[in-house]
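Dear colleague,

I am handing over the structure we spoke about, together with some notes on what turned up when I went through it. Please look at it first and then read on.

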Amino acid sequence: MLDAIAQSKKIKKKEGRNTDTFVEELLDQLSCKTVFTIPVFGGIGISEAVVVTWIIMAVLVLLSVVLVRDLRVENPGKKQIALESAVGALYNIFAEILGEEGKRYAQYLMTIILYIGISNIIGLLGFKPPTKDINVTAAMAIMSILLIEFAGVRQKGFGGWIKSFSKPSVIMIPINIMEIFVKPISLCMRLFGNVLGAFVIMEMIKGIIPAIIPIPFSLYFDIFDGLLQAYIFTLLTALFISEQLD
């Protein structure tokens with residue numbers, strides 16, 4: 001009886017150590033470490049998220065240069081046709097939402113969806129996704145909201161933009177002003193929360209299931225869900241811009 005109790009305690013201690021180890025590894029994966037420091041203004045730390053973002057930017061710029069070479073108006077090649085079809089399809093999605101007045105903002109949304117989409121799936125290549133850093137998602141949300149409000153000012157004029165806070169009633173002014181701050185928080189937390197949640201679930205699956213089994217889950221959480229979150233973020237931004245243009 002005593003041996004059974006002692007054995008049970010040993011098993012529980014081992015399970016506790018395994019749990020602690022898993023939590024430590026998970027927290028290590030979630031932490032955004034400083035890669036190097038720029039020795040100016042007392043030292044500017046450059047995090048992993050920034051370095052990976054630079055890599056994504058470099059890849060996108062390089063692909064842009066390579067893919068647009070030798071473009072022809074007449075007798076376009078298969079590469080050009082495929083590229084134009086993909087870009088045209090993506091542009092049409094946002095142009096349809098934004099309408100004629102908002103087409104000028106489609107290029108920004110196309111750039112953002114590419115960046116977020118690649119950021120969310122780049123973990124498959126061994127990099128730490130920048131979107132796991134709440135500073136990145138917050139910065140992107142703030143950029144989107146600034147563009148949304150700029151679209152409103154451009155469309156209505158500064159005076160008309162100010163008056164829009166009193167619609168449909170003067171009573172709504174505090175709520176409409178509050179929306180300016182609620183929207184970026186919503187965009188930020190939705191993107192960050194979904195990316196973080198998918199990452200935590202995948203790490204738990206990898207920890208308790210053999211290596212081959214998590215592949216179907218990875219196809220969903222790492223690829224499908226990552227691309228879906230990129231689309232949702234840009235779709236909401238497009239809808240908010242469209243509201244300002246009405």
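Is Ser242 buried or exposed? With a relative accessible area of 16%, Ser242 is buried, because the cut-off for that class is under 20%. Please keep in mind, here and below, that this is a predicted model. Ser242 sits in helix H7, and once its neighbours within four places in sequence are left aside, Ser242 is in contact with Ile97 and Leu98.

To place that residue in the whole, the protein has seven helices and two strands, which follow one another along the sequence in the pattern α-β-β-α-α-α-α-α-α. Of the 246 residues in the protein, 30% are buried. Among contacts between residues at least 6 apart in sequence, 62% join residues that are at least 24 apart.

The largest nonpolar core holds 32 residues, and those that touch the most other members are Phe94, Leu98, Ile116, Met140, Leu187, Phe233 and Ile241. Two or more residues of this core come from each of helix H2 (48-67), helix H3 (78-102), helix H4 (106-121), helix H5 (134-163), helix H6 (173-208) and helix H7 (214-245). As background, nonpolar side chains in soluble globular proteins tend to be buried together.

How do H3 and H4 meet, and at what angle do their axes cross? The two axes come within 9 Å and cross at roughly 140 degrees, which means that H3 is oblique to H4. The crossing in which H3 passes H4 is right-handed. On the H3 side the residues are Val87, Leu90, Tyr91, Phe94, Leu98 and Gly102, and these meet Ala106, Gln107, Leu109, Met110 and Ile113 of H4. By class, this contact of H3 with H4 has nine nonpolar residues, two polar ones and no charged ones.

One further residue may interest you, namely Asp133, which lies in the loop between H4 and H5. Asp133 counts as buried because its relative accessibility is 11%. The C-alpha atom of Asp133 is separated by 9.7 Å from that of Val195, although the two residues are 62 apart along the chain.

With best wishes

Technical notes
Residues numbered from 1 in each chain as written. Predicted model: local features only at pLDDT ≥ 70, side-chain atom pairs only at ≥ 80, totals over all residues. Heavy atoms only, no water. Core = buried A, V, L, I, M, F, W, Y, C linked by side-chain atoms within 4.5 Å. Buried < 20%, exposed > 50% of the residue type's maximum accessible area, 1.4 Å probe, protein only. Helix = DSSP H or I, 4+ residues; strand = E, 2+ residues; numbered from the N terminus. Axes fitted to C-alpha atoms, helices over the stretch in contact; angles between N-to-C directions. Parallel < 35°, antiparallel > 145°, perpendicular 65-115°, else oblique. Left-handed = near helix turned anticlockwise from the far one by under 90°. Contact = heavy atoms within 4.5 Å. Nonpolar A, V, L, I, M, F, W, Y, C, P; charged D, E, K, R; others polar.
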